[in-house]
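Dear colleague,

Please read the notes with the model open beside them.

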Amino acid sequence: MSQLPAEDPVLGDARSCEAIEQVIVPRAHDLGGFSVRRALPSVGRKMVGPFIFFDQMGPAEFLLGQGIDVRPHPHIGLSTVTYLFDGEIMHRDSLGTVLPIRPGAVNLMTAGRGIVHSERTGLEERQKPPKLFGIQAWLALPKSHEETAPAFVHHAAPELPRIVEGGKRISLIMGSAYGQTSPVSFPWDALYAEAVLSPGAILPLDPDYDERAIYIVSGRVDIAGDEFGAGQLLIFKPGDRISILGLEQTRLMIVGGEPMDGPRHIWWNFVSSSKERIDQAKAEWKAGRFDTVPGDEAEFIPLPEG
């Protein structure tokens with residue numbers, strides 16, 4: 001998805017919990033019946049592992065006939081993962097892929113040297129009326145894969161490992177945790193999971209990855225005596241085993257991975273270890289040298305000014 005307008009997140013209050021390195025509070029931006037909360041990148045924290053962009057979309061309910069219309073736009077140097085809790089988005093890209101994104105499934109789009117895609121509410125969904133609630137994440141590709149061929153891989157919800165025990169349900173989207181390994185492949189060590197906790201359930205988080213965080217989608221949790229609520233990204237210090245206690249019905253996302261192989265530049269929908277490569281992508285999009293999206297060629301998002 002193209003980078004939707006959203007306010008920069010702000011740092012949260014200092015907490016006594018020694019395991020927490022930083023609390024980021026995303027600011028909500030209303031797009032007209034559709035809100036976005038951006039947790040990454042933020043002031044003082046650009047990435048967690050390879051995760052360089054993290055947006056909460058919705059929850060939103062549209063009027064009959066309405067929905068989202070993210071026109072064709074380009075990406076380089078990253079992979080996108082759209083994960084929905086509710087609703088449906090029709091994905092189209094310049095590889096010819098046409099596939100709906102539905103709750104619990106994983107659509108991993110690797111931009112590499114360049115891809116164009118659009119995301120819209122489908123015609124059937126617009127008759128319901130449509131809903132939308134989910135997470136849009138971008139993962140920076142390692143330097144060795146920044147110029148790889150673009151690709152798209154779909155994994156249906158039943159393909160993802162599910163851990164159900166002790167009042168918690170975990171869907172492992174990417175990486176290895178809790179004795180399971182996701183089939184979703186990414187060329188850098190990364191962890192991504194959804195966890196739903198009942199009141200009183202405890203979610204352990206081992207120090208298997210140097211960089212780890214949780215984003216609380218809904219509900220409240222207790223960590224070492226401190227309480228945290230919905231709309232907060234909690235970044236943990238490396239090396240500590242964390243216990244997360246659900247104080248009420250709670251949904252959260254676990255993100256993490258190994259530190260990236262150097263800093264990344266991000267401008268609009270472009271990510272790269274090289275500023276010059278981003279300038280090249282700007283010029284190519286402005287000149288119309290990216291591939292088009294079959295079936296969605298009539299519109300596109302122009303290059304932003306600046």
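A search of the whole structure, which is a predicted model, finds three cavities of 30 Å³ or more. The largest cavity has a volume of about 80 Å³, and its lining is made up of Ser176, Ala177, Tyr178, Leu191, Pro204, Leu205, Asp206, Asp208 and Tyr209. Two elements, strand E16 (176-177) and strand E19 (202-205), each supply at least two residues of that lining. Sorted by class, the lining of the largest cavity has six nonpolar residues, one polar residue and two charged residues.

The second largest cavity holds about 40 Å³ of space, and it is lined by Thr80, Thr82, His91, Ile101, Asn107, Met109, His117, Glu119 and Phe152. Strand E7 (78-87), strand E10 (106-110) and strand E11 (115-120) are the elements that give two or more residues to this lining. By class, the lining of the second largest cavity has three nonpolar, five polar and one charged residues.

Turning to the sheets, seven strands form an open sheet with antiparallel pairing, in the order E3-E4-E5-E12-E7-E10-E13. Its edge strands are strand E3 (28-30) and strand E13 (151-155), each of which pairs on one side only, and the twist from one strand to the next averages 20°.

Within this sheet, strand E4 (residues 35-40) and strand E5 (residues 51-61) run antiparallel and are joined by four bridges, with leucine 40 standing opposite phenylalanine 54 in E5. Strand E5 also pairs with E12, in the antiparallel sense and over eight bridges, while E7 and E12 pair in the antiparallel sense over nine bridges. Strand E12 (residues 131-140) is mostly covered, with nine of its 10 residues buried.

A further open sheet has four strands in the order E6-E11-E8-E9, again with antiparallel pairing. Strand E6 (69-75) and E9 are the edge strands here, each pairing on one side only, and neighbouring strands of this sheet are turned by 20° against each other on average, when direction is ignored. E8 and E11 pair in the antiparallel sense over four bridges, and the bridge partner of aspartate 93 is histidine 117 in E11. Histidine 117 is also one of the residues that line the second largest cavity.

The last item is serine 94, which is placed in the loop between strand E8 (89-93) and strand E9 (98-101).

With best regards

How values were computed. Residues are numbered from 1 along each chain as its sequence is written. This is a predicted model: local features need pLDDT of at least 70, side-chain atom pairs count only at pLDDT 80 or more; totals for chains, interfaces and linings use all residues. Side-chain values use heavy atoms; hydrogens and water are left out. Two strands pair if DSSP finds at least two bridges between them. Axes are lines fitted to C-alpha atoms, for helices over the stretch in contact, and angles run from 0 to 180 degrees between N-to-C directions. On a 1 Å grid over the protein atoms alone, a cavity is a set of points where a 1.4 Å probe fits but cannot get out, and a pocket is an open set with protein on both sides within 12 Å along at least five of seven lines; lining residues have an atom within 4 Å of a point. Grid points are joined across faces, edges and corners, and a volume is the space filled by probe spheres set on the points. Ala, Val, Leu, Ile, Met, Phe, Trp, Tyr, Cys and Pro count as nonpolar, Asp, Glu, Lys and Arg as charged, and the others, Gly among them, as polar. Buried means under 20% relative accessible area, exposed over 50%, partly exposed in between (1.4 Å probe, protein chains only).
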